[in-house]
Amino acid sequence: MKLHVLTLFPEMILQGLAPSIIGRAVEKNILSLEAVNIRDYTLNKHGKVDDYTYGGGAGMLMQAQPVFDAWKAVTGGKRVRTIYLTPQGIPFTQKMAKELAGEEELVFLCGHYEGIDERVLEEVVTDYVSIGDYVLTGGELPAMVMIDAVARLVPGVLGNETSAEDESFHNDLLEYPQYSRPEVWHEKKVPEVLLSGNHAKISKWRLEQSEARTLKFRPDLYEKYREKQHLIKRLSKDKRNNIHMMESLSRGRGEVLYSEGENLIIFDREAATCMMTAENEETARKLSEKLPPETKWVISNQNFVKEVLESLGYGLWGSCSQYLYTAKESLPVRYKEIRSLKTEDVPYVSSRYEHDTEEYIRERIQAGDMYGAFDHGRQIGFVGLHTEGSMGLLYVEEGYRRQGIAESLEAYCVNRCLEKSRTPYGHVMEGNTASEHLQEKLGFYKASRSVYWLSGGKG
Ligand code: 6GU
């Protein structure tokens, strides 16, 4: 990712970020960061970049010419995403950070004094962003805040383990309290449960702590969380058929785009996937108009929804059986050489798994959601979770099949899900009897309705 900052204080940006994790990523060439001094572009022979405002009023304004020429020097006049940092902008959020992390190149424009001449803003700025309801003396600190929040989401900027943590099921809640050594400090003991080694119990305790904190410090977030929990509870009345939606919501990934009785759209932004149910054909038609244009996949387990979407130009990719594992007990894993995959394992996986792109595999591995089987250190298979939460991505090398390795990989994946208090589930292509047998052998239950995966549509 390429980052450019247009500023009157370039050293503030460079020196501010250099010692940080972001600075390290720049050194490793994962990011490029350039700070351009707007003053270098003024045509005024005294180096002036500001002047009085027309119409009167206190203070000086940054003039259009040097800002425009600095921007043009950086972008070559191309319409690169250009963010103007201003208290008048829309509030910066994690959601916005995620979206910006997908860009190849970003320009940050930092204002000073009373702001910048409106005419140049109209020509170059694509996004007006504020970092909160308070006034700062300039846009440099806000730009650094945004760069930190966006860049840490770029693959490779953080280590493997850290990024995996990022996607915890606590997404809608504030973090729980954490403890490190020593066990006793100032006569305060680390909570007993954290020393128990019981992952399910620890998850439960952390969730309770997160809930209590959110209620206390962020009642606004807590209210949203409760509405979601309410919906999850309603869906749980038919858990086998609804587990895909329940998991999407409880992992904090699915946003409720629409909810009114049976009419429901859940959107997983990162997976660009909508999960949709409708009361009848007519409401299905209405709901389909609400699908966001960036939707790549729609999942539904209603035949009439499938038909409505097909009539609208969506293509049926597959009909699947939905399987879920409802027991709390972990499964025995007979094959012993299984571990989490790392970035260096990407080439192996992507060369053997033709259903998805290398980019997708890399993202899945970096999210900490893929596991591999090895024979004396050489990889022979893998399994993982898809972005929207279903188990899949299963492969075992030719010479190693029919030895229960796929079963062990799936069991291993189930156990990791249980540790995170997730309900393991998966979609098996209808007709794939080998996979159906495996699900049943592991103790999965089959949902009564088929799940349809549809692609395309408006996009
Ligand atoms: Cl983006 N700029 C300035 N100058 N002040 C701010 C801000 C931005 N966000 C909050 N306060």
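**Exercise 1. The sheet**

What is the order of the strands in the open sheet of 5 strands, and is the pairing parallel or antiparallel?

*Solution.* The model is predicted.
Step 1. Read across the sheet: the order is β2-β1-β6-β5-β7.
Step 2. Assign the sense: the pairing is parallel.
Step 3. Find the edges. They are β2 (32-37) and β7, each of which pairs on one side only.
Step 4. Neighbouring strands are turned by 35° against each other on average, with direction ignored.

**Exercise 2. Strand β5 and its partners**

Determine how many bridges tie β5 to β7 and how many tie β5 to β6. Then name a bridge partner on each side.

*Solution.* 
Step 1. Start with β7. It runs parallel to β5, and 5 bridges join the two.
Step 2. Pick a pair there: I90 has V129 in β7 as its bridge partner.
Step 3. Turn to β6. Its pairing with β5 is also parallel, over 4 bridges.
Step 4. Pick a pair there: I83 has F108 in β6 as its bridge partner.
Step 5. Recall the general rule. Strands of a sheet pair through backbone hydrogen bonds, in either a parallel or an antiparallel sense.

**Exercise 3. The ligand site**

Describe the shell around the ligand.

*Solution.* 
Step 1. List the shell: L85, T86, P87, V129, S130, I131, G132, Y134, L136, G138 and P142.
Step 2. Sort by class. There are 7 nonpolar and 4 polar residues, and no charged ones.
Step 3. β5 (82-91) and β7 (127-130) each supply at least two residues. The largest share, 3 residues, comes from β5.
Step 4. Connect this to Exercise 2. V129 is in the shell, and V129 is also the bridge partner of I90.
Step 5. Look for polar contacts, with a cut-off of 3.5 Å. The side chain of S130 places an N or O atom 3.3 Å from a ligand nitrogen. A backbone N or O atom of I131 is 3.0 Å from a ligand nitrogen. For L136, a backbone N or O atom lies 3.2 Å from a nitrogen of the ligand.
Step 6. Check the cover. On its own, the ligand has 290 Å² of accessible area, and the protein covers 96% of that.

**Exercise 4. Backbone geometry in two loops**

Which residues does the cis peptide bond join, and where does H186 sit?

*Solution.* 
Step 1. The cis bond joins R181 and P182, with omega about 5°.
Step 2. P182 is placed in the loop between α7 (160-166) and β8 (184-185).
Step 3. H186 is in the loop between β8 and β9 (188-189).
Step 4. Check phi. For H186 it is near 50°, a positive value in a residue other than glycine.

**Exercise 5. Locating Q403**

Place Q403 in the chain and find what its side chain reaches.

*Solution.* 
Step 1. Q403 lies in the loop between β18 (391-396) and α15 (405-419).
Step 2. Its side chain reaches the backbone oxygen of G399 at 3.3 Å.
Step 3. Compare with G159. Q403 and G159 are 244 residues apart in sequence, and their C-alpha atoms are 34 Å apart in space.

Definitions and conventions: Residues numbered from 1 in each chain as written. Predicted model: local features only at pLDDT ≥ 70, side-chain atom pairs only at ≥ 80, totals over all residues. Heavy atoms only, no water. Near = heavy atom within 4 Å. Polar contact = N/O pair within 3.5 Å; in protein donor to acceptor, adjacent residues only side chain to side chain. Areas by Shrake-Rupley, 256 points an atom, 1.4 Å probe, with all protein chains shown as cover. Nonpolar A, V, L, I, M, F, W, Y, C, P; charged D, E, K, R; others polar. Pairing = 2+ DSSP bridges. Axes fitted to C-alpha atoms, helices over the stretch in contact; angles between N-to-C directions.
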